[in-house]
Amino acid sequence: MSDLNETEIKVFIDAVTNYFNQLTQEAAVVRGAFLDDNSGTVPVYDYSGQIAISGQFRGTITVSAPRAMIRHLLLALNESDQSDANLRDTVGELANTLAGNARKHFGGEMEISVPKTAAGAIGHSGSRKRPYVIMVSWKTYSASLVVDIERLD
């Protein structure tokens, strides 16, 4: 098994900034990226969406965002349904879109699951001891993207 390289991690950074830019004409800003040390320092927000990765890769991609940020995204989509179910669907679709963009880069070797969502933290069995964490800001909101995948050799 091998880690993703810097160029491959940038695929996820570009995906998250482009998502917000295309949807709202206002790009997200990456505030920082680091390797998690499993000390509980990765922020978990109101809603989380996760995609399981398989094929020639193994692991998960998880997005966690605050309720207000997701509501703002729904307004940008002209969606008036602000129910808990729709907020969860939206964070799941965000995770799915980011994983789908990564799949375009990595090709058919990367298989992605349907989104799994939760209010708050979402459990996962990480494949890496130290997953990549990308902290993102959009408008006044912060969110986290955790890239916990590795390539099978």
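The model is predicted, so local features need pLDDT of at least 70 and side-chain atom pairs count only at pLDDT 80 or more, while totals for chains, interfaces and linings use all residues. Residues are numbered from 1 along each chain as its sequence is written, and side-chain values use heavy atoms, leaving out hydrogens and water.

**Whole chain.** Three helices and seven strands are present (DSSP runs numbered from the N terminus: helices are H or I of at least four residues, strands E of at least two). Their order along the sequence is α-β-β-β-α-α-β-β-β-β. The C-alpha trace spans about 45 × 30 × 25 Å along its principal axes.

**Burial.** Colour the residues by accessibility. Of the 153 residues, 44% count as buried, meaning under 20% relative accessible area with a 1.4 Å probe, protein chains only.

**Core.** Next, select Leu4, Phe12, Phe20, Leu98, Leu145, Val147 and Ile149. These have the most contacts inside the largest nonpolar core, which has 38 residues. Such a core is a set of buried Ala, Val, Leu, Ile, Met, Phe, Trp, Tyr and Cys residues joined through side-chain atoms within 4.5 Å. Elements that each supply at least two residues include α1 (6-24), β3 (57-65) and β7 (141-151). Now select α3 (84-106): α3 gives the most to this core, with eight residues.

Centre on Val147. Which residues does Val147 touch, not counting those up to four places away in sequence? They are Leu4, Ile9, Phe12, Thr60, Pro131, Tyr132 and Ile134, where contact means heavy atoms within 4.5 Å.

Conventions: Buried means under 20% relative accessible area, exposed over 50%, partly exposed in between (1.4 Å probe, protein chains only).
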